[in-house]
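Please read the following points with the structure open beside them. They go from terms to the whole chain, and then to individual places.

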Amino acid sequence: MEESFVCQWSDIRSLLSILQWWAFNVTVIIVNKWIFQKLDFKFPLSVSCVHFICSAIGGYVVIKVLKLKPLITVDPEDRWRRIFPMSFVFCINIVLGNVSLRYIPVSFMQTIKSFTPATTVVLQWLVWRKYFDWRIWASLVPIVGGILLTSVTELSFNMLGFCAALFGCLATSTKTILAESLLHGYKFDSINTVYYMAPFATMILALPALLLEGNGILEWFGTHPYPWSALIIIFSSGVLAFCLNFSIFYVIHSTTAVTFNVAGNLKVAVAVLVSWLIFRNPISYLNSVGCAVTLVGCTFYGYVRHMLSQQPAVPGTPRTPRTPRTPRSKMELLPLVNDKLEDKV
């Protein structure tokens, strides 16, 4: 009886962790889109900078003040030699995500972001000459096909937004691959990742944001009917983006690798549905089919990776390399870098 109760509580805790992860993730995406579209604050660099500032402050408070998470010590030399390059790629990834969100609907942007597994595999094969089982390549076919169908049939297509989202996939893949080498030996969780990378990202982005968007923000501030209320929403999005890191950490420790993969793809579907209900962007039948095919392909890709990781190694046969997107164990689910985005945008 006691064993049954423990199992039931474990299932409930897993479900709650997934729901709160979905809630934070979808809220961050929707609020960012609201900022660009409804508040007419069309400055993605500044929005990204606000997120980095809030995350840097939040990471310091959680680790240094509240001591809710132990600090993972990093050598000062490694901070510049390892953390700084990762922070640069991390910064580019977040900025490109916000730029794409500025120009294209959430549904289209989220579908394109699902292209990340394909870009990761291709980059590892081209640059690092890593071997991949033929089933991995086969599992990428529906992802690529779904992306192509979605792109061709997108009614609100914008080339700049499309390119930003596509290059964002490449940045995410680069970040994933670099993390395996640059951060080797450090078991970062999402909070420590933010603690170390957010200050560097703020330093990298602050000057470009000021030079490229400073005058536009001053003009917006003078013409917007309720600038202070809008600023509260903008900074609230930064706080929510930091809270998303807590939700990622919680769901990682409450679910299995397979559940995490499936929940991640269903999260995209939830974000697409909620964004459509709020913004009512036009979606054609073929466009929705392309999005569905892409998400099914991502789920199938994760399943194939998981099944291959469970197979014993055959002597003389190269093994399919692991990536953080399809971990073998819950410990490997700990993000080396802050995803959104595909988790955080």
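1. Terms for accessibility come before anything else: a residue is buried under 20% relative accessible area, exposed over 50%, and partly exposed in between, using a 1.4 Å probe and protein chains only. This is a predicted model, in which local features need pLDDT of at least 70, side-chain atom pairs count only at pLDDT 80 or more, and totals for chains, interfaces and linings use all residues. Residues are numbered from 1 along each chain as its sequence is written, and side-chain values use heavy atoms, with hydrogens and water left out.

2. The protein chain has eleven helices and zero strands. Helices (H or I, at least four residues) and strands (E, at least two) are DSSP runs, numbered from the N terminus. Of the 345 residues in the protein chain, 53% count as buried. Contact means heavy atoms within 4.5 Å. Among contacts in the protein chain between residues at least 6 apart in sequence, 86% join residues at least 24 apart.

3. Arg280 sits in the loop between helix H10 (257-279) and helix H11 (285-310), and its phi is near 55 degrees, a positive value in a residue other than glycine. Arg280 counts as exposed, at 51% relative accessibility. Asp40 is in the loop between helix H1 (2-37) and helix H2 (44-65); its phi is near 60 degrees, again positive in a residue other than glycine. At 42% relative accessibility, Asp40 is partly exposed. For background, most residues other than glycine have a negative phi.

4. Which residues does Phe242 touch, not counting residues up to four places away in sequence? They are Cys54, Ser55, Gly58, Gly59, Val62 and Val194. Phe242 belongs to helix H9 (residues 227-254) and is buried, with a relative accessible area of 8%. From Phe242 to Gly58 the C-alpha to C-alpha distance is 6.7 Å, although 184 residues separate them in sequence.

5. Ser14, in helix H1, is buried at 15% relative accessibility. Leaving aside neighbours within four places in sequence, Ser14 is in contact with Ser254 and Thr255.

6. The axes of helix H4 (residues 106-113) and helix H6 (residues 134-153) come within 10 Å and cross at roughly 155 degrees. Such axes are lines fitted to C-alpha atoms, for helices over the stretch in contact, and the angles run from 0 to 180 degrees between N-to-C directions. H4 is therefore roughly antiparallel to H6, a term for angles over 145 degrees; those under 35 count as roughly parallel, 65 to 115 as roughly perpendicular and the rest as oblique. Phe108, Thr111 and Ile112 of H4 make the contact with Ile147, Thr150 and Ser151 of H6. These residues divide into three nonpolar, three polar and no charged. Here Ala, Val, Leu, Ile, Met, Phe, Trp, Tyr, Cys and Pro count as nonpolar, Asp, Glu, Lys and Arg as charged, and the others, Gly among them, as polar.

7. How many disulfides does a search of the whole structure find? It finds zero, a disulfide being a pair of cysteine sulfur atoms within 2.5 Å. For Cys49, the nearest cysteine sulfur is that of Cys91, 8.1 Å away. Cys49 is buried, with a relative accessible area of 9%, while Cys163 is partly exposed at 26% relative accessibility.
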